[in-house]
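Please keep the viewer open as you read.

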Amino acid sequence: MNDAIVELDSGRARGRVLDDHRVFQGIPYAAPPVGGLRWRSPQPVQPWADVLDATEPGSPCPQTAQVFAAIESLDEDCLNLNVTTPDTPGPKPVMVWLHGGGGANGEGAIFDAHRLAVREDVVVVTPNSRLGIFGYFGYPGLEGSGGFGIEDQQAALRWVRRNIAAFGGDPGNVTLFGESYGAFNIGAHLASPSSSGLFHRAVVQSGFTLMDAPAGTWMPGTPALPTMWLSTAELDGLAAHFVEQSGWLDAGRELTAVEQLRRVPVGELLELSPYFTRPAYGNAVLPESPDEAVRAGRFNRVPTVVGGTRDEARLFVALFFDLAGQPVTAERYAQLLGEAFGGQAAQVEREYPLSDYDTPSLAWAQVAEDRAWARATWDLAHALAAHTPTYCYEFADRDAPPIVPFPEGFPPGAHHSAEVAYQFDLGEPAALSSEQWRLAEQINAYWANFARSGDPGSPDLPAWGRFDPADPYVQALAPGRTGRTDFAAGHRLDFWEKLR
């Protein structure tokens with residue numbers, strides 16, 4: 001099992017052999033989506049004759065650096081994936097990770113999965129897929145509008161089905177897991193008929209499949225979003241508006257509008273990438289809105305783990321309010337409540353008075369956390385549990401090291417994405433205490449147990465039962481105190497239910 005070369009359906013690839021595992025990076029799973037293949041469904045890889053060097057990461061998909069992700073790329077030839085596999089006999093459960101990053105940023109290679117793979121004896125795959133305007137662009141007459149990034153991930157899953165046995169993986173036991181935007185994509189795969197059979201379990205970490213976000217949830221000035229999904233008609237209209245302003249089209253040319261857009265330089269398109277991050281429905285990959293499909297039970301019924309972090313919203317308030325020079329003042333808090341809740345603002349302010357919080361920014365973060373994030377997790381757990389075995393958790397380590405610098409005096413808490421450093425090494429191991437490292441081992445053990453059997457439990461871990469819609473408790477993941485917690489009370493969900 002320590003051979004550095006594997007035989008794939010498109011050719012041989014050479015990876016790196018380390019002490020107790022092997023790593024293969026930058027393996028193409030689809031043809032480069034360049035030139036005439038920009039904004040087309042992923043196409044098969046052209047087989048290669050020589051041994052592919054898979055010892056270094058492939059290119060990230062096009063993106064610009066952000067405060068939460070320093071990656072930059074102009075290279076559209078980015079449909080590649082990475083495989084980490086232990087040096088033990090197979091077949092092993094396969095875990096395919098979909099990264100976060102807001103839909104316009106991120107890459108699979110930064111998630112070093114060796115701790116999960118080696119300790120839990122699983123094969124971990126971390127793919128790239130098209131982001132932003134390259135993955136979720138739409139335009140009148142463009143076939144597949146709004147779904148190219150999802151189709152890429154489906155192509156990666158089909159690659160896994162065909163090739164993962166060469167790495168000791170079991171193609172009949174594939175768990176799709178992801179965080180934030182990656183978890184949002186999993187919501188699409190749950191609802192997509194063409195994803196049926198490509199994965200057998202799902203772990204949704206801080207996803208927002210069913211989120212109904214009030215104004216100001218994400219950053220100052222963001223409008224209310226009754227659903228995180230948009231239709232292809234809405235997407236086409238948005239794209240037509242931006243294209244009209246761009247000056248990219250020449251009516252006198254013989255090329256069609258889409259053909260001309262396929263020739264626009266990557267750097268120019270990236271300026272619009274933040275506007276094109278949401279998969280659209282009303283196409284072949286997503287015939288209907290995933291929130292409606294999941295609520296109605298029309299989804300791929302695989303066992304699921306659903307959860308989030310205790311203080312999701314603190315990351316967004318810290319980055320996009322305080323660090324952006326717009327900290328929430330007492331006056332601004334009242335304005336935000338009015339913009340978000342209208343005639344119900346006074347009730348919310350009584351429930352979340354400023355006197356209960358060290359700063360108005362923390363007060364607003366708690367409102368956004370409970371109303372948008374916690375309620376979305378709760379709703380998703382209920383919708384899934386009505387049809388398939390479901391487990392629900394909350395990452396609750398409020399001393400977790402911040403993944404990005406927070407403003408001085410702003411406690412990060414168990415902020416959005418905090419748990420990822422417990423699962424993976426992100427460049428280097430996180431600065432965790434011995435108790436936090438034990439929690440990291442517990443999280444990876446729960447996830448791997450679930451990948452093996454559909455049940456996260458085992459005799460050496462704190463008991464974790466299935467989610468019961470009549471029970472307000474979920475599994476809290478925290479150093480030294482992993483166990484049941486009253487999620488509904490902790491996030492005042494009864495109060496928010498009365499305001500629906």
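## Salt bridges

Arg119, Arg438 and Glu441 are joined in a network of salt bridges, a salt bridge being a side-chain nitrogen of Lys or Arg within 4 Å of a carboxyl oxygen of Asp or Glu. Before going further, note that this is a predicted model, where local features need pLDDT of at least 70, side-chain atom pairs count only at pLDDT 80 or more, and totals for chains, interfaces and linings use all residues. Residues are numbered from 1 along each chain as its sequence is written, and side-chain values use heavy atoms, with hydrogens and water left out.

Searching the whole structure gives 20 salt bridges. Three pairs are set out here.

| Pair | N to O distance |
|---|---|
| Arg162 and Asp9 | 2.5 Å |
| Arg371 and Asp212 | 2.9 Å |
| Asp311 and Arg398 | 2.7 Å |

How far apart in sequence are the parts that Arg162 and Asp9 tie together? The answer is 153 residues, because Arg162 sits in helix H3 (residues 148–163) and Asp9 in the loop between S1 and S2. Helices (H or I, at least four residues) and strands (E, at least two) are DSSP runs, numbered from the N terminus. Arg162 is partly exposed at a relative accessible area of 47%, and Asp9 is partly exposed at 44%. For these classes, buried means under 20% relative accessible area, exposed over 50%, and partly exposed in between (1.4 Å probe, protein chains only).

The salt bridge of Arg371 and Asp212 links helix H12 (residues 360–385) with the loop between S10 and strand S11 (230–231), the two residues being 159 apart. Arg371 counts as buried at 10% relative accessibility, while Asp212 is partly exposed at 28%.

Asp311 and Arg398 also form a salt bridge. Asp311 is in the loop between S13 and helix H9 (314–322) and Arg398 in the loop between strand S14 (390–395) and helix H13 (420–423), so the pair ties together parts 87 residues apart in sequence. Asp311 is buried, with a relative accessible area of 1%, whereas Arg398 is partly exposed at 39%.

## The disulfide

The whole structure holds 1 disulfide, defined as a pair of cysteine sulfur atoms within 2.5 Å. Cys61 is joined to Cys78, with S to S at 2.1 Å. Both Cys61 and Cys78 lie in the loop between strand S5 (52–53) and strand S6 (80–86), 17 residues apart. The link is right-handed, with 90 degrees about the S-S bond, and both Cys61 and Cys78 are buried.

## Strands

An open sheet of 11 strands runs S3-S4-S6-S8-S7-S9-S10-S13-S14-S15-S16 with mixed pairing; two strands pair if DSSP finds at least two bridges between them. Strand S3 (16–17) and strand S16 (483–486) stand at its edges, each with a single partner strand, so one side of each has no neighbour in the sheet. Within this order, S10 (residues 201–205) and S13 (residues 304–309) pair in the parallel sense over 4 bridges, and Ala202 stands opposite Thr304 in S13.

Strand S1 (residues 5–8) and strand S2 (residues 11–14) pair in the antiparallel sense over 4 bridges, forming a hairpin with 2 residues between them. Leu8 has Gly11 in S2 as its bridge partner. S2 also pairs with S5, in the parallel sense over 2 bridges, where Arg14 is partnered by Asp53 in S5.
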